[in-house]
Amino acid sequence: MATYAIGDLQGCFDAFEGLLNKLDYNSNKDQLWLAGDLVNRGSQSLSCLRKAKALNAKIVLGNHDLHMLACYYGSEHSLKKNDTLGEVFDAEDCATLMAWLKAQPLLHYDKSRHTLMSHAGVPHIWSIKQALGFAKEVNEVLAGSNARDYFDQMYGNEPSSWNESLVGVERLRVITNYFTRMRFIRKDGALEFAAKENVDAGPKGFAPWFDYSPPHDAQIVFGHWAAINGETNKAQFQALDTGCVWGGCLTALNLDNGQRTHYNCEK
Ligand SMILES: [Mn+2]
């Protein structure tokens, strides 16, 4: 019996299956966590969604997952040029899959493991309790009758900083951005979205979010940042996006012993 956390699938179902086989994954005994971005860019998003649902994986929503949900539930969002989500929307079980995905959290906390998982990470400006509360605010809107309004106004980089006094869609947007798009952050909590390369790519005054010490010692498992190739140099922060869809590899972290297993995704 083991629990594995796997990074961004991004529609790479062959790699997903290959990695599960390599782990000798037993769906009757083992448990799976997925760090978000199950879909898009790769060519097998539909199979990834079906498999994740069938395995009853613990999932957090990534920016690509939210984009797909916005295209489906929003009033006017259409697919972008590089999106590979058409087969999902054409599938007979699309409505079931979308409803299932929309109910997934932005942040997962396993108290017994003292481990948090979110797609992009958890900013140092929040305690565990605050982070869980803010993530829940977004998930309650996703579950309610205002979900369409949220999806219609979800996109954007502003406000760029957390402020407790924010309300409405601006508050939800910045919370969403911390959990699903964050890479570089300033000590005061301001986010910067242009830089996507390695840890030195941020503008002056900004550093990778995991360079700061949070007010807790929970382990944080995350994906999203393929360019750092699974490395943060800190045991507290476990990066899992190793660029499978870009020809890198798909990574599984055994949460019981910290061991990593890779599946090579070379094209
Ligand atoms: Mn992402």
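The buried residues of helix α2 (45-54) pack against α1, β2 (31-34), β3 (58-59), α4 (86-90) and α5 (94-102). Here "buried" means that 20 or more other C-beta atoms lie within 10 Å of a residue's own, while 12 or fewer makes it exposed and anything in between partly exposed, with C-beta atoms placed from the backbone. Keep in mind that this is a predicted model: local features need pLDDT of at least 70, side-chain atom pairs count only at pLDDT 80 or more, and totals for chains, interfaces and linings use all residues. Residues are numbered from 1 along each chain as its sequence is written.

- Helices (H or I, at least four residues) and strands (E, at least two) are DSSP runs, numbered from the N terminus.
- In α2, the buried residues are Ser45, Leu46, Cys48, Leu49, Lys51 and Ala52.
- After α2 comes asparagine 56, which has a positive phi, near 55°.
- Over in α1 (residues 13-22), the buried set is Ala15, Phe16, Leu19 and Leu20. Looking down the axis of α1, these fall within an arc of 135°, so they line one face of the helix; the arc is that of the directions from the helix axis to the C-beta atoms.
- An α-helix has 3.6 residues a turn, so residues three or four places apart point the same way.
- The cover over α1's buried residues includes β1 (3-6), α2, β11 (249-254) and β12 (260-264).
- Aspartate 24, which follows α1, has a positive phi too, near 55°.

**The five-stranded sheet**

- Five strands make an open sheet in the order β3-β2-β1-β11-β12, with mixed pairing. Two strands pair if DSSP finds at least two bridges between them.
- At the edges sit β3 and β12, each pairing on one side only.
- β1 and β2 are parallel, with four bridges, whereas β1 and β11 run antiparallel, joined by three bridges.
- Tyrosine 4 stands opposite leucine 32 in β2 and also opposite asparagine 254 in β11.
- β11 and β12 run antiparallel too, with five bridges between them, and leucine 253 has arginine 260 in β12 as its bridge partner.
- Those two strands, β11 and β12, form a hairpin with five residues between them, and glycine 258 in the turn has a positive phi of about 80°.
- Helix α1 lies across β1, β11 and β12, running at about 135° to β12. Axes are lines fitted to C-alpha atoms, for helices over the stretch in contact, and angles run from 0 to 180 degrees between N-to-C directions.

**Another hairpin**

**A helix pair: α6 and α8**

- Helix α6 (residues 128-143) packs with helix α8 (residues 168-180) at an angle of about 115°, and their axes are 9 Å apart.
- On the α6 side are Phe134, Ala135, Glu137, Val138 and Val141, which meet Leu172, Ile175, Thr176 and Phe179 in α8. Two residues are in contact if their C-beta atoms, placed from the backbone, lie within 7 Å.

**Glutamate 192**

- You'll find glutamate 192 in strand β7 (residues 191-192).
- Glutamate 192 counts as partly exposed because it has 18 C-beta neighbours inside 10 Å.
- Leaving aside neighbours within four places in sequence, glutamate 192 is in contact with Phe184, Gly202, Pro203 and Phe206.
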